[in-house]
Amino acid sequence: MDHDQTGCEAAPEGPMLCINNCGFFGSAATMNMCSKCHKDMMLKQEQATLAASSIGNIMNGSSSSSGIEPAITANVEISVDPVEPKIISAEPLVASGSEESLEKKPKDGPKRCSNCNKRVGLTGFNCRCGNLYCAVHRYSDKHDCPFDYRTAGRDAIAKANPVVKAEKLDKI
């Protein structure tokens, strides 16, 4: 069959590069542009027509509240420059003699039980008295804990359950 009789064109000899010289291949359907360049061009044309129509509406004084406004959707790319964080050291305004007492240095050595001096590492238990204990001495009766659990419990119950008193009713 001959191409003249069917009305079809012959395919080009090889692939064509994009006319914007971006390095990708274009096609005749996208005006010899790659898909990205074609999409960018169509987006620019759409934005230009919307800008022209909005300027025309402003110049004519017509408001767009009388009809339905067209929905505008576009991908917006925002470039953000990396920001380097600034380290600000806050120094307390205290006399120079008491500065050493305010600064507490973390322990450099391994964590140890306060009772038997056994290394506990990550498995240590912090007690309410503020000390660190191993699995054997973690209970308050095993390490002679000075924390008063009884008064702490009473205070917690008193705080959670306030006294409710009804107002006196007037006699009729």
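The structure holds 1 salt bridge, a term used here for a side-chain nitrogen of Lys or Arg within 4 Å of a carboxyl oxygen of Asp or Glu. The model is predicted: local features need pLDDT of at least 70, side-chain atom pairs count only at pLDDT 80 or more, and totals for chains, interfaces and linings use all residues. Residues are numbered from 1 along each chain as its sequence is written, and side-chain values use heavy atoms, with hydrogens and water left out.

The salt bridge joins the side chains of Lys36 and Asp40, with 3.3 Å from N to O. Both residues belong to helix α2 (residues 35-60). They are 4 residues apart, so about one helical turn separates them. Helices here are DSSP runs of H or I with at least four residues, strands are runs of E with at least two, and both are numbered from the N terminus. Lys36 is exposed, at 55% relative accessibility. Asp40 is partly exposed, at 32%. These classes follow relative accessible area: buried is under 20%, exposed is over 50%, and partly exposed lies in between (1.4 Å probe, protein chains only).

Helix α2 itself has 26 residues. From its first C-alpha to its last it reaches 37 Å, close to the 38 Å expected at 1.5 Å a residue. The expected span is 1.5 Å times one less than the number of residues in the helix. Gly61 follows α2, and its phi is positive, near 80 degrees.

The chain as a whole has 4 helices and 4 strands. From the N terminus on, the order is α-β-β-α-α-β-β-α. Buried residues account for 9% of the 172 residues. Contacts, defined as heavy atoms within 4.5 Å, were also sorted by sequence separation. Among those between residues at least 6 apart in sequence, 8% join residues at least 24 apart.

Two asparagines have positive phi values. Most residues other than glycine have a negative phi. Asn21 has a phi near 55 degrees. It lies in the loop between β1 (16-17) and β2 (25-26) and is exposed, with a relative accessible area of 71%. Asn32 has a phi near 60 degrees. It is placed in the loop between β2 and α2 and is partly exposed, at 28% relative accessible area.

Thr30 also lies in the loop between β2 and α2. Thr30 is buried, with a relative accessible area of 17%. Its side chain makes a polar contact of 3.2 Å with the side chain of Ser27. A polar contact is a pair of N or O atoms within 3.5 Å; within protein, one must be able to donate a hydrogen and the other to accept it, and residues adjacent in sequence count only if both atoms are side-chain atoms.

A further group of features involves the loop between β4 (132-133) and α4 (149-160), where His143 is found. His143 is buried, at 8% relative accessible area. Its side chain reaches two backbone oxygens. A polar atom of the His143 side chain lies 2.9 Å from the backbone oxygen of His137. The backbone oxygen of Tyr139 is reached at 2.9 Å. With neighbours within four places in sequence set aside, His143 is in contact with Asn115, Cys127, Cys129, Tyr133, His137 and Arg138.

Lys142 lies in the loop between β4 and α4. Under the rule that leaves aside neighbours within four places in sequence, Lys142 is in contact with Asn115, Val136 and His137. Lys142 and Asn115 are 27 residues apart along the chain, and their C-alpha atoms are separated by 9.2 Å.

Arg138 takes part in a charge-ring arrangement. Its charged end sits over the ring of Phe125, 4.7 Å from the ring centre. The criterion is that NZ of Lys or CZ of Arg is within 6 Å of the ring centre and within 35 degrees of the ring normal.

A search of the whole structure finds 1 aromatic pair. Phe147 and Tyr149 form this pair, which is edge-to-face, with 4.9 Å centre to centre and 75 degrees between the planes. Rings of Phe, Tyr and Trp (its six-membered ring) pair if their centres lie within 6.5 Å; planes under 30 degrees apart count as stacked, over 60 as edge-to-face and the rest as tilted. Phe147 is partly exposed, at 29% relative accessibility. Tyr149 is partly exposed, with a relative accessible area of 35%.
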